[in-house]
Each structure stands twice: as C-alpha cells, then as structure tokens.
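Please examine the structure shown below. The paragraphs that follow lead through it step by step.

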Amino acid sequence: MNLVEKYGPKAAGLSIGQYCPPRCFELAGKRFDFVLDSGEDTGDAVLNFIDETTVEWSIKGGQTLKAERYECRKADDWTYLVTYCLSNTVPRENHTWVIDREQELVTFLRCTLGENPYWPYLIDSHFAFGYIKVEGKEHTDRRRHGFTDDVAGTGVKWTYGHELATVHVYYSTNWYRITYPKSSKPKAEVSFNDSMNETMKALPGSDEPAYYVKIKEGMYLVSVTEQNMEKILGDKVGFRSDTLCFLDNWNRMYSVGRGFGTSTMGGREGEIFVMIGKYGSPEEVDEHFFTDPNPYLV
C-alpha cells in the first residue's frame with residue numbers, strides 16, 4: 001500500500017489548514033481577568049474558559065459574560081492564540097487574543113465587517129494591549145506588547161501543506177507583499193501558484209495593509225487583510241477581504257494563526273473561519289519586492 005497515494009489528496013484538501021497543530025485544551029477551567037490600558041477597546045476584559053470548547057467573554061468593562069465556541073493553539077510553552085467568532089452578530093465580528101503567561105501580558109485583536117459604507121465586505125482591525133491580573137500581585141511592569149518595525153526587511157517562505165506555500169515580504173511597518181516560491185514544488189502547487197499569479201496581474205500590486213506586534217524576543221503577531229484585492233477584484237476571487245493573523249515563532253520557524261472573512265465562491269455566501277499552521281524556511285526574494293513603490297499610496 002502506498003500511503004502517500006492514499007492519504008495525500010485528503011491532506012491536500014485541507015488547504016491552508018493542513019499543518020495546523022491539534023487544538024490546545026490547557027486553558028479549560030481557567031479564568032483570566034485582563035486590564036487593557038492602551039490601544040483601542042481599553043478597559044477591563046474577561047475570558048472564562050468553561051471547558052475545552054466554550055469560553056465566556058467580556059470587553060471594555062462589560063459586566064455580562066457572553067459565551068462562544070473558541071479555538072486555541074500554542075506558539076510556545078507559555079503563549080496562546082485564542083480566537084472565536086461572535087454568534088448572532090451582524091455584521092460579523094471576530095476576537096483574537098494572544099495570552100502571554102510568561103510575561104503576564106495580553107494582546108486583543110477585534111476584526112469587524114461593515115464599518116466602511118463603500119465596501120461592506122471590508123474587514124477592519126482594532127488592537128488593544130494590556131496585562132493579566134494575578135490575584136494578590138500588583139502588576140508594576142510598564143512594558144506592553146506593541147507595534148514594531150523589527151520585521152521590516154524580512155522575506156520568508158511559509159509552507160502550509162505538502163502542496164501549498166507562499167512567500168511573505170515584510171517590506172514596511174504597515175504593509176506586506178506576497179509572492180510564490182521559485183524553488184521546485186509539487187505539480188498541484190505549481191497549478192495553484194500559477195493561478196494566483198494570474199489573478200495578481202489584475203492588481204497594481206500585491207500590497208496589503210499589515211500590522212506587526214512584538215510579543216517577546218523572537219515572537220511576533222502578524223495581521224494582514226486583503227483590502228485592496230477586495231476593492232479591485234470583488235467577487236472575481238471569491239475570498240472577500242479575508243484577514244489572517246499569525247503568531248510567528250522565529251526561534252522555531254513555525255507559526256499558528258487564524259483566517260476570518262467571507263467566501264462568495266459559486267455564487268453562494270459563506271463564512272470563513274479557519275485555523276492555520278505553517279513552517280518557515282529561507283527563500284530567495286528579488287530585491288524589487290523590498291524597493292518597489294507602493295502603488296496604493298501617493
């Protein structure tokens with residue numbers, strides 16, 4: 001029996017989620033009280049993990065806890081990516097948290113649809129930073145997670161599955177570019193990459209807005225949103241202003257993340273909410289990806 005022939009197509013069908021690690025249940029039964037004292041959505045916040053699948057939450061000092069189904073992945077021994085989508089909420093909204101138990105710090109990312117009256121599918125991102133309250137212990141450290149330019153000048157190949165890889169070019173503190181590997185790759189990946197490269201030709205550039213947050217030495221939260229693709233191509237791609245955030249562990253060259261957005265493929269609208277895993281490796285990137293002017297800025 002050839003196990004690659006038997007299971008390879010099934011694994012490839014998982015697409016961007018193929019290398020996602022198993023769910024983490026370590027937070028079940030734990031409650032976290034946060035002080036979000038910088039950025040947007042400041043105020044007291046709560047995450048109360050009822051069990052392996054349900055979390056109760058509140059933000060901005062709210063007293064009423066709401067329950068949602070959550071996903072949790074670990075980026076290292078002490079750092080958790082927790083995310084959930086709000087049910088029965090229109091327009092849709094996603095909350096993503098980086099819980100850093102090593103430094104007793106937290107980052108909150110709230111992504112919303114419908115804020116832009118001209119582009120209803122467009123997703124906007126709102127960040128807040130703070131610390132974890134620990135009973136009987138005063139938090140005296142003034143340092144927080146925060147936006148950074150550390151990543152600017154980096155190009156890396158991220159592999160999501162045995163037939164899927166992309167190259168991210170972090171050329172600016174507020175933008176990123178995407179391209180595809182030059183190196184030899186499986187036939188299916190060539191087909192996917194060629195298709196996406198043809199799609200990209202319809203755009204002035206692959207540039208999209210990005211946020212880079214330093215969590216700790218060697219770990220960064222990277223959040224990118226396909227806003228320009230949505231504005232120019234709309235339903236021609238089928239993925240509408242998807243936003244992806246990745247908790248990148250550069251000490252180990254791997255990452256966990258989530259995707260949130262809308263699909264209109266086949267003429268039917270569907271919700272996108274997927275967990276992601278990927279592995280990094282060096283990739284030769286043409287210098288112009290770092291130096292080309294941004295076609296969306298004056």
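In this predicted model, Asp-76 and Lys-216 form a salt bridge, with their closest N and O atoms 3.3 Å apart. The two residues come from distant parts of the chain: Asp-76 belongs to strand S5, whereas Lys-216 belongs to strand S14 (residues 208-216), and 140 residues separate them. Are these two partners buried or exposed? Asp-76 has a relative accessibility of 14% and therefore counts as buried. Lys-216 has a relative accessible area of 10%, so this residue is buried as well.

The side chain of Glu-71 meets that of Arg-23 in a salt bridge, at 3.3 Å from N to O. Here too the pair links distant parts of the chain, for Glu-71 is in strand S5 and Arg-23 is in the loop between helix H1 (3-12) and strand S1 (31-39), 48 residues apart. With a relative accessible area of 17%, Glu-71 is buried. Arg-23 reaches 26% relative accessibility and so counts as partly exposed; the limit for a buried residue is under 20%.

S5 and S6 form a hairpin with 2 residues between them. The two strands run antiparallel, and 5 bridges join S5 to strand S6 (residues 79-85). Within this pairing, Glu-71 has Thr-83 as its bridge partner in S6, and Cys-72 stands opposite Val-82.

In general, strands of a sheet pair through backbone hydrogen bonds, either parallel or antiparallel.

Arg-110 and Glu-93 meet through their side chains in a salt bridge of 3.9 Å, N to O. Because Arg-110 lies in strand S8 (residues 105-113) and Glu-93 in strand S7 (residues 93-100), the pair ties together parts that are 17 residues apart in sequence. Both Arg-110 and Glu-93 are buried. They also belong to a network of salt bridges that links Asp-41, Lys-60, Glu-93 and Arg-110. The count of salt bridges comes to 21.

In one of them, the rings of Phe-32 and Phe-49 have centres 6.1 Å apart and planes at 85°, so the pair is edge-to-face. Phe-32 lies in strand S1 and Phe-49 in strand S2 (residues 43-49); the pair therefore ties together parts that are 17 residues apart in sequence. Phe-32 and Phe-49 are both buried. Phe-34 and Trp-97 form a stacked pair, with 5.3 Å from centre to centre and 25° between the planes. Since Phe-34 lies in strand S1 and Trp-97 in strand S7, this pair ties together parts that are 63 residues apart in sequence. Phe-34 is buried, with a relative accessible area of 0%, and Trp-97 is likewise buried at 0%.

Arg-177 lies over the face of Tyr-171, 3.8 Å from the ring centre, and Arg-240 lies over the face of Tyr-121, 4.1 Å from the ring centre.

Finally, the cysteines may be considered. How many disulfides are there? The count comes to 0. Cys-24 is in no disulfide, and the nearest cysteine sulfur, that of Cys-72, is 4.1 Å away. Cys-24 is buried, with a relative accessible area of 9%.

Notes
Residues are numbered from 1 along each chain as its sequence is written. This is a predicted model: local features need pLDDT of at least 70, side-chain atom pairs count only at pLDDT 80 or more; totals for chains, interfaces and linings use all residues. Side-chain values use heavy atoms; hydrogens and water are left out. Two strands pair if DSSP finds at least two bridges between them. Helices (H or I, at least four residues) and strands (E, at least two) are DSSP runs, numbered from the N terminus. A salt bridge is a side-chain nitrogen of Lys or Arg within 4 Å of a carboxyl oxygen of Asp or Glu. Buried means under 20% relative accessible area, exposed over 50%, partly exposed in between (1.4 Å probe, protein chains only). A disulfide is a pair of cysteine sulfur atoms within 2.5 Å. Rings of Phe, Tyr and Trp (its six-membered ring) pair if their centres lie within 6.5 Å; planes under 30 degrees apart count as stacked, over 60 as edge-to-face and the rest as tilted. A charge sits over a ring if NZ of Lys or CZ of Arg is within 6 Å of the ring centre and within 35 degrees of the ring normal.
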